[in-house]
Amino acid sequence: MRKKILSVTAKEESKTWLRENFAEDYDLLEATNGEVALELLTQAQNEIICILLDLVLPSMTGQKFLKHLQKLEQEQVPVIILSSPGNEVAEVKALGIGASAILSRPYRRQHLQRRLNNFLQLEETAILREEASRDALTGVYNRVVCEEKIAAYMSDQSTKQQQAALLMLDLDDFKLVNDAYGHLRGDAVLKTVAATMLELFTQEVIISRFGGDEFAIFLKNIASPEQVLQQAEQLCAKLRNLQDRAKDITCSIGVALYPLHGQDFATLCASADVAMYRAKQTGKNHACLYDTFSLDKTQIKISSPEWLLDELVEIIYVSDAATFELLYLNKAAAELLGRQQASCLGKPCYEVFFGAKEPCSVCPRNTLNYDSFTSRIRELIVGEHKTLFLLKAKLLTWNGRPARMTVAIDITNRSQKQAVLRQVGELSPCIIKR
């Protein structure tokens, strides 16, 4: 696409010279007064690489045009003053209010072309710098630039009296999306999440992807903590409505206030992280405000135990004490089976794990109790590999139902393997169905 130059002059002599020398290489937009020039700027916005301005204009002087340009936040577009005889004082003043250079008479093509080349090089550098500051997938800022911008805000004396907030957002169970539909689908979800944040937070905000499925939102000059929490809950609600096929997109958000919860980036970020993990611990899919007193002095009530069990490397599953129906299995168990967690629920545990039509003959269902675990050793065959497990089971109440919890700990490579084998003797291997 050809670069655009905006000429703002009523002098036919200047317009003719520009057409003869630059119309072949550039798209020339012509305005004979400041009002038309501002309209063309609004229409073309980022396509104009340079403005050639005559200070002597009808109805609006060139100096007034420069001031309007600053209000339109178009001051980054270089402005070259077209010199006129006897107008030297006004030209010097123009340099003080945003003009970049003066093209002196007699106009020479090579002089202006050199200026344009410099502007183009600066523009390309600015574009590369902007691209480097962005996350390649989502288009929001990357972590390094986010930290720099937040640190600059904190060091700005003019913002010392303002209150700000840092929101740390982590998608809930995002690994399930990648596992079920692939990383391309996961990337699409991340793009959608970023676009939703940009749509919801539009003013005085820094939005960044910290890595993986974690994002940061820094809100400047906030009105109140209550307003920030309300916005965070709105974001949770918007993401819930963006259901990804059979999987709801939900997130946990931690909120920390500046300067109350941290006067530097590292401290503020750590506080927001603590609040975010608290949101995970209290059921996910909502926002929590950092509160040092409640975190230090009170016990967090865990409304949903699955988040904790999913973080463990041990294989854990819960089945109905009477029917053997699988009520829950953690991520480690699902990975062992090579299946999705949801696809296993509601089926008998012996069918899911072993492909059997009836309960295992060695199942300790009649010897379990609510007070302690019953342990046994089993050698399980997964694919072509034999793995030695310590199986621990006990009774418990799961969502109001009598249930059996089984924990399988891989002891294949542990130092006590031989001792265990000596105690239990020969093991009849059990094949895990995948």
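**From values to words**

Mentor: Gladly! Let's begin with lysine 284, which sits in the loop between H10 and strand S11 (287-289). Helices (H or I, at least four residues) and strands (E, at least two) are DSSP runs, numbered from the N terminus. This is a predicted model, where local features need pLDDT of at least 70, side-chain atom pairs count only at pLDDT 80 or more, and totals for chains, interfaces and linings use all residues. Residues are numbered from 1 along each chain as its sequence is written, and side-chain values use heavy atoms, leaving out hydrogens and water.

Trainee: Why is lysine 284 called buried?

Mentor: Buried means under 20% relative accessible area, exposed means over 50%, and partly exposed lies in between (1.4 Å probe, protein chains only). Lysine 284 has a relative accessible area of 18%, so it counts as buried. Its phi is near 65 degrees, a positive value in a residue other than glycine.

Trainee: What is the phi of phenylalanine 324, and why does phenylalanine 324 count as buried?

Mentor: Its phi is near 70 degrees, again a positive value in a residue other than glycine. Phenylalanine 324 lies in the loop between strand S12 (315-320) and strand S13 (326-329). Its relative accessibility is 8%, so phenylalanine 324 is buried. Across the protein chain, 46% of the 434 residues count as buried.

Trainee: Is glutamate 30 buried or exposed, or in between?

Mentor: In between: its relative accessible area is 33%, so glutamate 30 is partly exposed. Glutamate 30 belongs to strand S2 (residues 27-31).

Trainee: What makes the pairing of glutamate 30 with arginine 19 a polar contact?

Mentor: A polar contact is a pair of N or O atoms within 3.5 Å; within protein, one must be able to donate a hydrogen and the other to accept it, and residues adjacent in sequence count only if both atoms are side-chain atoms. The side chains of glutamate 30 and arginine 19 make such a contact at 2.7 Å. Plain contact means heavy atoms within 4.5 Å. Leaving aside residues up to four places away in sequence, glutamate 30 touches Ser7, Lys15, Arg19 and Leu40.

Trainee: Why are helices H7 and H8 called oblique?

Mentor: H7 (residues 174-181) and H8 (residues 183-200) pack at about 140 degrees, with axes 7 Å apart. Oblique is what remains after roughly parallel (under 35 degrees), roughly antiparallel (over 145) and roughly perpendicular (65 to 115), so H7 is oblique to H8. The axes are lines fitted to C-alpha atoms, for helices over the stretch in contact, and angles run from 0 to 180 degrees between N-to-C directions.

Trainee: Which residues meet there?

Mentor: Phe174, Val177, Asn178 and Tyr181 from H7 meet His183, Arg185, Gly186, Val189 and Leu190 from H8.

Trainee: How do you know how many disulfides there are?

Mentor: A disulfide is a pair of cysteine sulfur atoms within 2.5 Å, and by this rule the count is zero. Take cysteine 363: the nearest cysteine sulfur, from cysteine 360, is 6.4 Å away, and cysteine 363 is in no disulfide.

Trainee: And where is proline 259?

Mentor: Proline 259 is in the loop between S10 and H10. A cis peptide bond, with omega about 5 degrees, joins tyrosine 258 to proline 259. Histidine 261 is in that loop between strand S10 (251-258) and helix H10 (265-281); its relative accessible area is 13%, so histidine 261 is buried.
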